[in-house]
Amino acid sequence: RKSENEYILFCPTSGSQKCLHIKYAVELASQARIIGLNYKIVIVGDLSDYFSQNPDIADNIKENPSIYLIDRYVDYCAKTISNYIDAYWRSLSDQSVSFTLYEAASVKVPLLTLEEGFMGRAIKEYSMGAVLQLNFTNIKAAHLEIVGWDKKNAAAFLHHHSWEIAVRQMLKYLP
C-alpha cells in the first residue's frame, strides 16, 4: 500500500454475464475515488471470451489506471495473496455461491459485493464483508465495514459451511 487511503481488492474470476464484479469494477473504483479512497482492483482470469462479447467493458477496464488486469488463468496461493490485499471483490447476478466466499473465509479476508444475487445475501447473513447497493450510495458505510471487519466471522462461517457439511446434507436425501 502506497498511501493511507489506498486499498487493494482482489478479484479472481472467469468471464460470464453473471459476473457483475467485472461489469461494475470501473464504477467501484470511480465511486471510491469520489469519497477520497484509492481502490486498486486486481482482476485475474482468462476474460478473452467475455471481453470479445463485451468490448465496451473491456475498454473501460483496460483504460482505467485503478484496475490491474491479468487476463489469463493464474495459479495463485490464496494464503500468500491474503497478505497483500484488503478485500476480495466478487458479485454474481444469480443464485450461485462463489468459491471465492470459501476462499476468502479460509484466508480470513472480507468480501465486498453488490446487493444483487445470492452473494449479497450470503455476505450480509454470514458477516463475511460488506454489501454495496447497485447505485453505490452506501460505499462509505461498506468501506467502513470492510476496514472494521472481524476475522472471527471467517471461522464462524467455515464452522457451519464447508463442502463436507454440504455433502453430508445432500446424502440425507439420497436413497
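The structure is a predicted model, so local features need pLDDT of at least 70 and side-chain atom pairs count only at pLDDT 80 or more, while totals for chains, interfaces and linings use all residues. Residues are numbered from 1 along each chain as its sequence is written, and side-chain values use heavy atoms, with hydrogens and water left out.

Charged pairs come up first. A salt bridge here is a side-chain nitrogen of Lys or Arg within 4 Å of a carboxyl oxygen of Asp or Glu, and the count comes to 1. The partners are K18 and D94, whose side chains meet at 3.3 Å, N to O. K18 sits in the loop between β1 (6-12) and α1 (20-23), and D94 in the loop between β4 (87-89) and α6 (99-106), so the bridge ties together parts that are 76 residues apart in sequence. Helices (H or I, at least four residues) and strands (E, at least two) are DSSP runs, numbered from the N terminus. K18 is partly exposed, with a relative accessible area of 31%, and D94 is also partly exposed, at 26%. For these labels, buried means under 20% relative accessible area, exposed means over 50%, and partly exposed falls in between (1.4 Å probe, protein chains only).

Next, the cysteines. With a disulfide taken as a pair of cysteine sulfur atoms within 2.5 Å, a search of the whole structure turns up 0 of them. For C19, the nearest cysteine sulfur is that of C11, 7.9 Å away. C19 is buried, at 2% relative accessibility. As for C77, its sulfur is 18 Å from the closest cysteine sulfur, in C11, which is too far for a bond. C77 is partly exposed, at 42%.

What about the inside? In soluble globular proteins, nonpolar side chains tend to be buried together. Contact means heavy atoms within 4.5 Å. Leaving aside residues up to four places away in sequence, W89 touches a list of residues including F10, C11, H21, L28, I41, L112 and L132.

Finally, K108 lies in the loop between α6 and β5 (111-114). This lysine, K108, is partly exposed, at 41% relative accessibility. Beyond residues up to four places away in sequence, K108 touches W149, K151 and A154. The C-alpha atoms of K108 and H21 are separated by 20 Å, with the two residues 87 apart along the chain.
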